[in-house]
Amino acid sequence: MAASRAARTPRVSAMAPAALIVLLAAVAALPAATAEMPRLVHPPKADGSLTLLAVGDWGRRGAYNQSQVATQMGIVGEKMDIDFVVNVGDNFYKNGLTGVDDKAFEESFTHIYTAKSLQKPWYTILGNHDYRGDALAQLSPVLRKLESRWVCMKNFVVDSEIADFFFVDTTPFVLKYWTDPKKSKYDWRGVAPRETYIANVVKDLDAALKQSNAPWKIVVGHHAIRSSSQHGDTQELLQLLLPTLKAHGVDLYINGHDHCLEHISSRDSPIQYLTSGGGSKAWRGVFTPNSDKLEFFYDGQGFMSMRLTKAEAQVAFYDIAGTVLHTWGLTKGAH
Ligand SMILES: *[C@@H]1O[C@H](CO)[C@@H](O)[C@H](O)[C@H]1NC(C)=O
């Protein structure tokens with residue numbers, strides 16, 4: 001199975017930085033209207049399991065409990081011997097990076113996530129705040145030279161055999177950033193026009209999901225499809241993205257954007273919506289349930305972990321003291 005997929009798609013090992021840089025350079029050069037999602041390979045552990053952390057909405061030079069979250073990520077990451085971090089965007093507040101030489105990269109990332117267990121690939125997408133700066137800077141090979149663990153692209157797949165992770169650039173979906181940007185300027189280089197970009201992203205995701213033979217299909221975006229916090233559901237994603245996820249039996253959707261931790265389960269599909277947006281500033285004080293089933297909601301800072309085997313998924317959410325707030329698990333084939 002892996003071999004046939006290899007024939008169709010460009011693959012690089014997560015352990016081959018040189019090859020990856022070449023790939024990233026090629027990706028950056030592609031026009032907006034293109035083809036397959038780039039595919040990275042990250043094999044599971046020898047025992048067939050895969051462990052990871054998910055975090056989002058963090059870059060504030062350690063403030064708003066960012067450092068406390070980072071410390072606990074390091075401890076949990078060590079305990080679980082994590083393979084990588086899923087980073088769901090809004091990496092640098094308030095306006096992304098000014099360029100590849102912006103010191104915020106070190107001040108909010110390098111000097112914060114210092115634990116040994118976190119020196120693993122950070123598979124990263126952009127959030128809306130990242131688009132308010134030099135969005136291309138975060139995709140640049142220059143940053144990967146500073147930090148080989150920084151793997152940031154707009155739309156890509158991480159293939160870990162037992163799971164395929166589909167990272168989707170959701171900021172361009174949200175209409176108000178285009179029509180009503182307020183005082184912000186969004187860096188739409190390589191994106192505009194919106195409709196074409198979205199149509200291509202959805203088409204490429206559809207093709208990648210169709211090809212996927214992995215037992216677990218996990219989609220990662222910055223914006224929530226379903227959320228009970230400040231921003232609520234993202235209507236554009238409900239309309240334009242969710243049908244594709246449902247059509248291909250996606251198991252999990254992981255996002256940030258709302259600065260809280262949430263688990264909502266779909267009432268009409270197997271999809272679990274997991275929000276891990278508690279990387280720094282939180283405590284919004286907003287709670288508005290939607291019509292799907294709310295399993296867990298925490299308005300404060302924290303992060304999420306996941307352990308996968310071929311047949312089992314286990315998810316846990318933690319606060320800044322490392323206390324487990326909520327767990328969820330599923331065994332496939334049990335139904
Ligand atoms: C940091 O976390 C603690 C414990 O959850 C919370 O009481 C405090 O308000 C947080 N600080 C900020 C600035 O959010």
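Tyr93 is buried in this predicted model, because 23 other C-beta atoms lie within 10 Å of its own; a residue counts as buried if 20 or more other C-beta atoms lie within 10 Å, as exposed if 12 or fewer do, and as partly exposed in between, with C-beta atoms placed from the backbone. Tyr93 sits in the loop between strand S4 (84-87) and helix H4 (104-110), where helices (H or I, at least four residues) and strands (E, at least two) are DSSP runs numbered from the N terminus. Apart from neighbours within four places in sequence, Tyr93 is in contact with Gly59, Arg60 and His129, two residues being in contact if their C-beta atoms, placed from the backbone, lie within 7 Å. The peptide bond that joins Tyr93 and Lys94 is cis, with omega about -5°, and Lys94 is placed in the loop between S4 and H4. Residues are numbered from 1 along each chain as its sequence is written. Since the model is predicted, local features need pLDDT of at least 70 and side-chain atom pairs count only at pLDDT 80 or more, while totals for chains, interfaces and linings use all residues.

According to an unreviewed UniProt entry, the feature "binding site" is placed at Asp57, Asp90, Tyr93 and His259. Although these positions are spread over 203 residues of sequence, they cluster in space, with a largest C-alpha distance of 13.0 Å. UniProt positions are given in the numbering used here, feature names are shortened, and annotations may be inferred rather than shown by experiment. His259 lies in the loop between strand S10 (252-255) and strand S11 (261-265), and His259 is buried because 26 other C-beta atoms lie within 10 Å. When residues up to four places away in sequence are not counted, His259 touches Asp57, Gly277, Gly278, Lys281, Ala282 and Arg284.

Helix H7 (residues 194-211) has 18 residues and reaches 26 Å from its first C-alpha to its last, close to the 26 Å expected at 1.5 Å a residue, the expected span being 1.5 Å times one less than the number of residues. The buried residues of H7 are Tyr197, Val201, Asp204, Leu205, Ala208 and Leu209. Seen down the axis of H7, these buried residues fall within an arc of 135°, so they line one face of the helix; the arc is that of the directions from the helix axis to the C-beta atoms. On the other side of H7, Glu195, Thr196 and Lys210 are exposed, whereas the cover over the buried residues includes strand S7 (156-159), strand S8 (163-168), strand S9 (216-221) and helix H9 (242-247). A cis peptide bond runs from Ala192 to Pro193, with omega near 0°, and Pro193 is found in the loop between helix H6 (176-179) and H7.

Most residues other than glycine have a negative phi, and most peptide bonds are trans. Glu161, in the loop between S7 and S8, has a positive phi near 65°, and Glu161 is partly exposed because 18 other C-beta atoms lie within 10 Å. Trp283, in the loop between strand S12 (272-276) and strand S13 (293-298), has a positive phi of about 55°, and Trp283 is partly exposed because 13 other C-beta atoms lie within 10 Å.

The secondary structure of the chain comes to nine helices and 16 strands, and 47% of the 335 residues in the chain are buried.
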